[in-house]
Every structure is written in structure tokens, then in C-alpha cells.
Amino acid sequence: MTIEYQYDLVIVGGGPAGSSTAYEASKNGIKVALLEREETIAQSVRTSGVTWIQNIKEFGIPDDCYNPIKNYSFCSPNNEVTIRDTIPQAAVLDVRKTYRWLAEQAKNEGTDIFLKTNIKDVIKNKEGDIVGVSGTSNQEDIIFHSKVVVDASGFSSTVSKAMGFVTQWERFGVGAEYEVEAENVDQETWWLMVGQKYSPAGYAWIFPVGKNIVRIGVGVGKPESSVDPTERLKELMDSKIGPISKLGKITPIEFHYGLIPNDGLSRKTVYNNLILVGDSAGQANPLVLEGIRYAIKFGRVAGKIASDAIKSGKTDEIALYPYEENWRKDIQAKIKSAGKVQDRWIGLSDEEWDNELDIIKELKPEEFLDFIKADFGLASMIKLATRHPKLAVRQLFNLVKSKNK
Ligand SMILES: Cc1cc2nc3c(=O)[nH]c(=O)nc-3n(C[C@H](O)[C@H](O)[C@H](O)COP(=O)(O)OP(=O)(O)OC[C@H]3O[C@@H](n4cnc5c(N)ncnc54)[C@H](O)[C@@H]3O)c2cc1C
């Protein structure tokens with residue numbers, strides 16, 4: 001038997017992008033279904049959960065969902081720097097709590113959440129436009145008819161692939177991480193570890209989650225490196241090199257693994273009756289491969305624009321285009337600049353990384369944060385370049401500036 005439903009808006013994927021789209025669309029008074037293939041929201045964690053307190057406040061995420069960070073440590077094979085701030089500006093999220101809070105917000109506004117619902121295909125009208133999705137829910141065949149569909153399925157981009165609009169990401173990051181209990185934890189300080197032994201194309205990290213829990217992980221860029229991040233992570237934890245040694249005794253609690261696109265903003269994100277948001281749209285900052293804040297922010301934009309379009313009775317690509325315009329205006333130039341810095345970082349030898357850390361040492365906390373967040377406004381970049389007369393620092397900023405033109 002096939003179960004059939006009719007909704008105004010169907011969202012595939014109950015991650016931060018999907019829940020945020022659902023929240024905003026439901027708030028705008030339309031009938032919304034949020035479909036998630038796992039048994040619960042955030043059953044598997046596929047992210048390290050670093051984000052920024054300014055965004056957390058803007059989204060209204062509760063204080064008990066994150067651990068604040070105010071010191072930013074970097075180490076390369078023969079160099080080390082800690083940038084100390086007076087107030088915390090970064091945070092490590094309790095990912096499950098946050099993602100469930102986002103979904104709960106949507107539910108409270110009226111979204112129907114379907115768990116254990118795995119979408120495999122699309123339904124098209126005679127013009128070839130999407131008018132629904134199909135799959136299985138609790139082992140039964142299920143069909144959702146819909147005026148607009150949002151592909152918030154993350155890296156897999158299930159809906160857009162089934163429509164034939166996209167193919168697999170060619171450039172992406174693979175990350176493996178253990179959440180562990182550790183003997184000695186500095187809750188306010190994160191570590192980014194760079195150089196060949198940590199990751200040949202990427203970085204390793206220690207992110208404190210609160211109390212004596214940290215996430216230790218390794219991210220590797222594909223296709224640049226063939227290293228398996230899970231194996232490299234085990235090697236680093238066994239050999240306890242660099243800042244991992246300072247943690248003392250480590251007891252693993254949970255393993256996390258995930259993929260994140262790193263192809264820049266290459267995808268078109270609106271079609272007739274269809275929007276792509278979050279990782280399916282490639283909305284990630286390539287410098288540290290973070291996308292949660294974009295998933296939430298542009299999920300909300302997608303929810304508002306899709307629901308307005310549905311109410312107006314016009315849901316073609318032109319009607320949905322303001323969504324693409326909105327996010328491109330906000331982040332396109334910044335992401336392009338960040339991509340250029342990332343290209344430079346991926347090619348660095350150990351010795352060059354040692355030197356790069358000398359450049360980072362020159363930065364004030366807010367300058368460092370603007371940089372790592374890819375907040376490359378032209379005015380702030382010019383200010384930075386004039387404030388730092390050292391040639392190497394200027395070179396880095398010129399790299400960013402030239403791409404912004
Ligand atoms: C190792 C790693 C570390 C990261 N660290 C950070 C970080 O520190 N900070 C940061 O901001 N970002 C980080 N990211 C990126 C961040 O996780 C993503 O940008 C973010 O999760 C994107 O949200 P999303 O909702 O688009 O996708 P996702 O979070 O991937 O959510 C997609 C959802 O769709 C569901 N789904 C998929 N296919 C189907 C289907 N066919 N049917 C039904 N449901 C489906 C999935 O189960 C999932 O729940 C990291 C990524 C990785 C891989």
C-alpha cells in the first residue's frame with residue numbers, strides 16, 4: 001500500500017537547513033512537512049559544531065546549547081600561536097540539542113515532522129517540473145505531493161540528483177572525529193593543528209564541548225589527498241602528538257563521520273518548484289568548512305520566500321529567485337576570497353605552515369575571527385593591510401582583496 005499526502009511545502013532533510021526552512025515557512029502560515037530518514041533528528045552527528053556567538057544570538061539558540069570559546073590556538077609542526085580574546089566569540093555546539101531545538105521550533109509553528117522517512121525519488125508533472133517526492137516510511141511506500149520542494153538533504157543532494165540537476169560533488173572534505181572524555185581540558189580554548197602529520201590537505205582539531213569533553217578530529221580534502229581521516233585520527237590519538245598529549249588520559253565516547261562539499265558556490269539553487277539549501281547548495285565557508293550558520297540563515301530565507309511564493313500561487317524559478325539573490329549577495333564574494341586563501345593553505349609545506357603561523361600571530365582577535373569566518377569586507381581588509389606593515393601579512397590580505405574585485 002502507498003500512503004499519499006498533500007502539502008504546500010515539503011522539505012527533505014531534518015538538518016539545520018531543513019528545520020530552519022520549515023520553521024519560517026510554517027510561521028508564514030502554510031502547510032509544511034519535514035522529512036528525515038533517521039529515527040530521530042540528529043541521530044547521527046556529522047559535524048564538529050563550531051559556530052559564532054553573534055549568529056547563535058541572532059538565531060535565538062538557547063545558552064545551554066553551546067560551550068563558549070575565547071582562545072584560538074594553532075599549531076604547525078614547529079610553531080604555535082594562541083590568540084586570546086577578552087570575551088568568547090566562538091562556540092562549540094551541543095549538536096544534538098541544537099538541531100533538535102531547531103526542529104522543535106518548526107514543530108511548534110505547525111510543521112509535521114516525518115521520521116524514518118527515506119526519500120528516494122521525485123514526482124514530476126508533464127512539463128518535467130517537480131511536484132512531489134516519494135520513498136519509504138517505516139517500510140511502507142510513501143508519496144508527498146507538494147507545490148514547492150526544498151532539497152535540504154545535505155551532501156547527498158537526493159532531490160536535486162533525482163531531478164538530474166546536479167551530480168556528485170567533485171571537491172569535498174571528509175572528516176572523522178571522536179567525542180572523548182579527557183583528563184585535562186581547557187574549556188575556553190580550541191586547537192587547530194596543521195601540517196602533513198596532522199592532515200596533508202586540511203587540518204586536525206580539538207574542540208571543547210564543555211566540562212571534560214572534547215571533540216578530536218581530522219579533516220582531509222578530496223581529491224587533493226588520499227589519506228583516510230579515520231585512520232589518521234586513530235594514529236594521532238595513539239601517538240598523542242602535539243596538543244593531544246596535553247589532554248592526558250582519553251576515553252572515547254562517540255565517533256562522528258561526515259562529508260562536506262568544497263566546490264565553492266557552483267550550483268544553481270532555484271528551479272521551478274524547487275530550492276536547494278545548506279550543504280545541498282554548497283553553502284559552506286571553505287576556510288574551516290563550516291556551514292551550520294549558513295544552513296540556518298539561508299534556510300530561514302528559503303522558508304520565507306517559498307511560502308510567499310506558494311501564497312501568491314506562482315512558484316516557478318523566477319518567483320523563487322529572490323532566495324538565490326539573497327544568499328549570493330550575502331556570501332558569494334566572501335566565499336570566493338576564502339576559496340583563494342584555502343587554495344594557498346592546501347599547498348603549504350610544513351615549513352611554510354610554520355611561517356604562516358607567524359603571520360597569524362600578528363592578528364588581533366577580531367582580525368583573526370574576521371579572517372577565519374571569511375568575513376572579508378573590503379573596508380576591513382584595507383584597514384588590516386594598513387595596520388600590518390609586515391610584507392607577509394600584506395600579501396595575505398592582497399590575495400583576498402584581489403579576489404574581491
Ligand atoms: C566532519 C565535519 C565537520 C564539520 N564541522 C563543522 C563545524 O565545526 N561548524 C560548522 O558550521 N559546520 C561544520 N561542518 C559542516 C556542517 O555540518 C554542514 O554545513 C551542515 O550540517 C549543513 O546542514 P544541512 O542541514 O544542509 O545538512 P545536514 O546537516 O547534512 O542534514 C541533512 C539531513 O538530511 C537527511 N537526509 C539526507 N538524505 C535524505 C533522504 N533521502 N531522505 C530523508 N532525509 C534525508 C540526513 O539524515 C540529515 O539529517 C562539518 C562537516 C563535517 C563533515
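In this predicted model, a backbone N or O atom of Pro16 lies 3.2 Å from an oxygen atom of the ligand, a polar contact in the sense of a pair of N or O atoms within 3.5 Å. A polar side-chain atom of Arg46 also lies 3.2 Å from an oxygen atom of the ligand, while a backbone N or O atom of Val50 is placed 2.8 Å from a ligand nitrogen atom. The protein covers 94% of the 1000 Å² of accessible area that the ligand has on its own, as computed by the Shrake-Rupley method with a 1.4 Å probe.

Residues are numbered from 1 along each chain as its sequence is written. Local features need pLDDT of at least 70 and side-chain atom pairs count only at pLDDT 80 or more, whereas totals for chains, interfaces and linings use all residues, and side-chain values use heavy atoms, with hydrogens and water left out.

The shell around the ligand, taken as residues with a heavy atom within 4 Å of it, holds 35 residues, of which Glu36, Val50, Ile119, Asp279 and Ile292 come nearest. The elements giving two or more residues to this shell are helix H1 (16-27), strand E9 (117-124), strand E16 (250-261) and helix H6 (292-312), where helices (H or I, at least four residues) and strands (E, at least two) are DSSP runs numbered from the N terminus.

Elsewhere in the description comes the second largest pocket. This pocket is lined by 18 residues, with Asp263, Gly264, Leu265, Ile335 and Gly339 nearest its centre; a pocket is an open set of points on a 1 Å grid over the protein atoms alone, where a 1.4 Å probe fits, with protein on both sides within 12 Å along at least five of seven lines, and lining residues have an atom within 4 Å of a point. Helix H7 (residues 317-346) gives the most to this lining, with seven residues.

How values were computed. Polar contact = N/O pair within 3.5 Å; in protein donor to acceptor, adjacent residues only side chain to side chain.
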